[in-house]
Amino acid sequence: MKIAVLNNCAPFVFGGAEHLASALTQKLREYGHESVLVRIPFQWNPPDKILESMLACQMMRVPNVDRVIPIKFPVYLIPHEDKILWLVHQFRQAYDFWGTPFQHIPDTPEGHRLRDVIIQTDNRHLAGVRQIYTNSHVTSDRLRHFNGLSSTVLYPPLEDVSRFACRDYGDFIFCASRINQTKRQHLLVEAMRYVRSDVRLILAGKPEDSEDLSRIRALIAKHGLERRVVLIPEFITEERKVELFADALACAYIPYDEDSYGYVTLEAYQARKPVITCTDSGGITILVKDGQTGYVTEPDPIALATAFDAVGEHRARARALGEAGYALVQELGITWDTVIAKLTA
Amino acid sequence: MKILLATTILPFAKGGATLLTNWLEKALRSHGHEVDVLHLPFSPDPHDLLEQTLALRLLDLGEQADRLITMRPPSYVLRHPQKVVWFIHHHRGLYDWWGTPYQALPDTPEGHGLRNAVIRSDNQSLQEARALFVNSHVMADRLSQFNQLSSEVLYPPVWAPERFHNEAYDDYLLYVSRMVNHKRQHLAVEALAYTKTPVRLVFAGPAEQPEYLAEMQALAERQGTKDRIRFLTRWISEDEKVSLIARCLAVVYIPLDEDSYGFPTLEAHHAEKAIITTTDAGGVRELVFDGQNGDVCEPSPEALAEAMDRLYEDRQRAKQMGQAGRERLSTLQICWDHVVERLLA
C-alpha cells in the first residue's frame, strides 16, 4: 500500500511523537509498503492561530496515497477517504488541561467559543474515520470521556528491538532516565540505605538542572552511599545504555503518574530484565505485574529496598521475572508485527 | 543559519524538483547550516488548486528559521519575513499553455476567474520574496511576461558532478528520461530508420505512459530497427546512469519546449559528451550551441538521423564537442557553492 503518515511539526523543534512518526514510516517500508512522512507546521500560540491551522488542514489534499495515518490534532483533519488514526494526543488544552493552569486558551467568551469549535470539529471528523487506534489507555479514556468515541489501544513498540539483549544478571539495579523530581531517583537512592544484599544502583541520565544534580549528589554523600550508588549524570549513548541493560540485574523506573509505560520498560524486557516500579507511577503499571514480571511497590524507600533484595538475593528469580516480562510484551502485541498488521488492514 | 526549505510534492513521484530539493539540503548542510525540510503534499487537480494554495498561505512556520527557501510551486505562497524563491516553473496549464490544447481549465467565466485568482496570488506572494531566482532564461522571460517580475538566473547543478566521467565513445546514443510524449523519445526512434550507420539507441527511464512505450516498440519492429534499440524502462540508479553515460557516443535530449536545460544536459557536459537536441527543445539551448558542444537540429527524423550518423562516423568530433562542453561549463559557475552563496546573500 501507499501510505502517508501525518504529523505536526514546528520547524527545528524536534521531539514529541516525531520519533514515533518516523519509526512508523520506516517500519512500513520494512514490511513492504511505500510510505512517506508528511509534517505540517502547527503553531498554537497565540490561540487564534489554532482555528487557522484547523482550516488549513481541512483544505489540504494528500494525493496518490491509498491511506493516511495521522497521529495528532490538527493533521487528523486533513481529508482522505481512507484514514486510520494512531492517536497520540488531541489538543489537550481544550480537554483535560481545561480548568487547569495548562489551559492556554483564554477564559473569555472567545476562548470558550474556540474550545467549542475544537470539540465539535473533533466530534464530527473523528466519527467519520475508518478506525481509531491510540497509543495508550489514557488517550482512549479521554477520547471516550470527552468525545464519546471508542478506540482501540495499540501500544508503540521499541523501534529497534535487535540492539537490546541479555548478557548477564549482574549486581546492579539500573535506572535510565533524566534526573528530576518527577522521576524520583532520590527515592531509589534512599532505598539503598535499607538494602541487605550486595546490589548496587546505577543512575544514568541528564539532570534537568543543576539543582537536581546537586540534590542527588548531596543525598548520596549524606548517607555514605558512594560505593553503592554510581551516578552517570549525562545523556548516555544508545550503545552504553544497551551495554548497561545487558548486564543489569533489574531495571528500576518509578516516575510519578506518567501517562504511558515508557520505552525504558520495553528496553528492560527486551533485555530480559525485571522492572521495579511504584503503585503511583501511572502507565507503567500496565506493563509490570507484581511478582510476575517485576515488582510494584509502595513509593517508599523500605518497600523499594525489599524489592531490590528480592532479586539481589535470588538471581534466578530475576531471570524468571525478566523472561516473563518479555513474554508479556509479545502477548500484549507491543510489536511491529501487530502494529503494522492493524494499521494496514 | 537555520534554513527552512519548503517544496510541494506529489507523494511517491520522483522528478527534477525533488532531486533539486534533496541536493540543496545536502549542499546547505555541507556549508555548515542547520536545515529543516517541509515536503507538502499537493494535488495537481486544477479544481483543488485555490483551496490548497490558501491552505499553504494559512500555515505558520514559527520563528526558528532565519530564512525560508521555496522550490516547487506554489510553495512560494508560504509566509516568512526572509523568503527566498527558487522558481522552478509556473502552473503551465494556466500560463504558457493557456490558449493551447493543454490549458488546464475551460474557457468559461469560472475557468477564467480561477486563472486570474492564481495569477494574482502568484504576483503577490512572489513580490514578498527578498530575492527571486529562476532556473533558466526561459523562466526569467516568462516571469517577466506573465507576472511583470524580474529575477536572477541561478542554474541548478547536479550533485557530485565528479561522478560523471568519460571512458569511451562507443556505438550507442543515450537518452535518460521518463518515457512520456513531451520528452519525444519517439522522434529518436523514427530517426533511427533514416540512419545509414549502425548507430544504436539506449533509452532509460520509467514508462509513465505505457501506451507511448508500446507504440515506440511497435514502430521499431515495423522499421526493422528493434535490435538496435534498448528500452530500460525503469528509474535507473545513479551508478547505472554514470556507467551508461561514460561509454556512450553522445547524449540525446529532445524534449518539447522545456523550462530549463534539464539535468541530462548538464550530466552530458560533465562526462564530456556531445548533446543532440532540437531547435524547439526550450531551455536546453541555453547550454547547447550547434557545432560547438552538440548538434541543434530541426525536430525532424531526417535531421536527427544526419546528426546521429555524423557523430558515429567522426569519433574525434564527438570527443572534441564533448570536451568543449566540459570546458565551457567551468566558466558558467554552475556549482553548489555559487548556489548557496546566492540563496543566502
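What is the relative accessibility of Arg184(A), and does this residue count as buried or exposed?

Author: Arg184(A) has a relative accessibility of 9% and counts as buried. Here buried means under 20% relative accessible area, exposed means over 50%, and partly exposed lies in between, with a 1.4 Å probe and the protein chains only. The model is predicted, so local features need pLDDT of at least 70 and side-chain atom pairs count only at pLDDT 80 or more, whereas totals for chains, interfaces and linings use all residues. Residues are numbered from 1 along each chain as its sequence is written, chains are lettered from A and ligands numbered from 1 in the order in which they are written, and side-chain values use heavy atoms, without hydrogens and water.

Arg184(A) lies in the loop between β7 (172-176) and α5 of chain A. Although it is not a glycine, Arg184(A) has a positive phi of about 60 degrees. Helices (H or I, at least four residues) and strands (E, at least two) are DSSP runs, numbered from the N terminus.

Helix α5 of chain A covers residues 185-191 and holds Ala191(A). Ala191(A) is buried, with a relative accessible area of 0%. Beyond its neighbours within four places in sequence, Ala191(A) touches Pro301(A), Leu304(A), Ala305(A) and Phe308(A); such a contact requires heavy atoms within 4.5 Å. Between the C-alpha atoms of Ala191(A) and His314(A) there are 18 Å in space, and 123 residues separate the two in sequence.

In chain B, the packing of helix α5 can be described in detail. Two packed helices are described by the angle between their axes and by the distance between the axes. Axes are lines fitted to C-alpha atoms, for helices over the stretch in contact, and angles run from 0 to 180 degrees between N-to-C directions. The axes of α5 (residues 185-192) and α6 (residues 210-223) of chain B are 10 Å apart and form an angle of about 5 degrees. That makes α5(B) roughly parallel to α6(B); angles under 35 degrees count as roughly parallel, over 145 as roughly antiparallel, 65 to 115 as roughly perpendicular and the rest as oblique. On the α5(B) side, Gln185(B), His186(B), Val189(B) and Glu190(B) take part, and they meet Tyr212(B), Met216(B), Leu219(B), Ala220(B) and Gln223(B) of α6(B). This contact has five nonpolar, three polar and one charged residues, where Ala, Val, Leu, Ile, Met, Phe, Trp, Tyr, Cys and Pro count as nonpolar, Asp, Glu, Lys and Arg as charged, and the others, Gly among them, as polar.

With α9(B), the axis of α5(B) comes within 8 Å and crosses at roughly 70 degrees, which makes the two helices roughly perpendicular. The α5(B) residues involved are Leu187(B), Ala188(B), Glu190(B), Ala191(B) and Leu192(B), and those of α9(B) are Pro301(B), Leu304(B), Ala305(B) and Met308(B). By class, this contact has eight nonpolar, no polar and one charged residues.

The interior can be considered next. A nonpolar core is a set of buried Ala, Val, Leu, Ile, Met, Phe, Trp, Tyr and Cys residues joined through side-chain atoms within 4.5 Å. The largest such core has 84 residues, and Leu24(B), Ile69(B) and Trp86(B) have the most contacts inside it. Helix α9 (residues 301-313) of chain B supplies the largest share of this core, six residues. Apart from this core lies another, of 72 residues, among them Trp98(B), Leu105(B), Val134(B) and Met139(B).

In helix α7 (residues 238-246) of chain B, the buried residues are Lys241(B), Val242(B), Leu244(B), Ile245(B) and Ala246(B). Their cover includes β7 (172-176), β9 (229-232) and α8 (263-270) of chain B.

A few local features remain. Glu272(B) has a positive phi of about 60 degrees although it is not a glycine, and its place is in the loop between α8 and β11 (275-278) of chain B. In chain A, the peptide bond from Asn45(A) to Pro46(A) is cis, with omega near 0 degrees, and the bond from Phe73(A) to Pro74(A) is cis with omega near -5 degrees. Pro46(A) is in the loop between β2 (34-41) and α2 (48-58) of chain A, and Pro74(A) is in the loop between β3 (67-70) and β4 (84-87) of chain A.

As for cysteines, the whole structure has zero disulfides over all chains, a disulfide being a pair of cysteine sulfur atoms within 2.5 Å. For Cys251(A), the nearest cysteine sulfur is that of Cys175(A), 6.8 Å away. Cys251(A) is buried at 0% relative accessibility. The sulfur of Cys248(B) is 16 Å from the closest cysteine sulfur, in Cys297(B), which is too far for a bond.
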